[in-house]
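Morning, everyone. Please bring up the sequence and the model, and I'll walk you through a few places.

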Amino acid sequence: GAELIDWVIGAYEHDSAIPHAALIVFGPFMAPEQRQAFQERVARQRRLSAITFEAHVEPLFERAIGVVAMGGYNTFCEILSFGKPALLVPRTTPRLEQHLRAERAQAAGLMDLLGNDGSRHPALMAAALRDLPRRPVADTATRGRMLIGLDRIAELAEPWLRRRWPPRARLVSSVA
């Protein structure tokens with residue numbers, strides 16, 4: 001997440017016209033030196049604030065006008081459940097999982113994708129942040145259908161779970 005945090009802070013450093021404030025939530029595994037360097041940059045920007053980690057992000061999502069995230073599974077589900085406009089900036093290494101999810105979300109009109117080619121131009125992120133409140137949000141019914149995965153898995157697995165397997169042969173021991 002350090003690249004994304006650097007890019008967002010860089011956008012605010014580059015463009016003082018971004019109209020809304022941002023809260024940056026550092027992950028729990030960020031190196032302390034890196035977090036400190038980001039904190040120092042955040043402290044110089046009046047529209048930025050940061051917290052080290054928040055186990056209960058629900059109130060943050062509820063109050064947000066939008067979310068910028070890498071697009072991990074849990075964050076993706078939080079964004080959907082709260083119906084927030086989102087800009088996903090997925091990582092592509094060591095796996096493509098986040099990128100594939102972001103591509104499909106964009107194709108479905110749920111969220112937008114901003115690819116990180118490594119250049120991280122601050123003006124590009126600043127434009128995306130200015131536009132964030134106008135990004136697409138899926139309607140409640142669509143979001144609801146997407147958030148019932150556990151129920152759907154149970155439904156699909158039920159026929160196999162109810163199948164009767166041949167009973168095991170009993171071990172009979174006799175002493176002559």
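Start at E78, which sits in helix α4, residues 73-82. Helices here are DSSP runs of H or I with at least four residues, strands are runs of E with at least two, and both are numbered from the N terminus.

Before going on, the ground rules. This is a predicted model: local features need pLDDT of at least 70, side-chain atom pairs count only at pLDDT 80 or more, and totals for chains, interfaces and linings use all residues. Residues are numbered from 1 along each chain as its sequence is written, and side-chain values use heavy atoms, with hydrogens and water left out.

Back to E78. Is E78 buried or exposed? E78 has 19% relative accessibility, so it counts as buried. Buried means under 20% relative accessible area, exposed over 50%, and partly exposed in between, with a 1.4 Å probe and protein chains only. E78 touches V57, E58 and F61, leaving aside residues up to four places away in sequence. Contact means heavy atoms within 4.5 Å.

Now the sheet. Three strands make an open sheet, ordered β3-β4-β5, with parallel pairing. β3 (67-69) and β5 (112-113) are at the edges with a single partner strand each, so one side of each has no neighbour in the sheet. Strands pair if DSSP finds at least two bridges between them. Strand β4, residues 86-88, is joined to β5 by two bridges. L87 has D112 of β5 as its bridge partner.

Next, the cores. A nonpolar core is a set of buried Ala, Val, Leu, Ile, Met, Phe, Trp, Tyr and Cys residues joined through side-chain atoms within 4.5 Å. The largest has 26 residues, and I24 and M125 touch the most other members. Two or more residues come from each of α1 (2-14), β1 (22-25), α2 (32-43), β2 (48-51) and α6 (122-131). α1 gives the most, eight residues. A second, separate core has 13 residues, including F61, V67, A86 and A138.

Last, the helix pair. The α1 and α2 axes come within 10 Å and cross at roughly 15 degrees. Axes are lines fitted to C-alpha atoms, for helices over the stretch in contact, and angles run from 0 to 180 degrees between N-to-C directions. α1 and α2 are therefore roughly parallel to each other, the word for angles under 35 degrees. On the α1 side, the contact is made by A2, I5, D6, I9, G10 and E13; on the α2 side, by Q34, F38, R41 and V42.

Terms used:
Angles under 35 degrees count as roughly parallel, over 145 as roughly antiparallel, 65 to 115 as roughly perpendicular and the rest as oblique.
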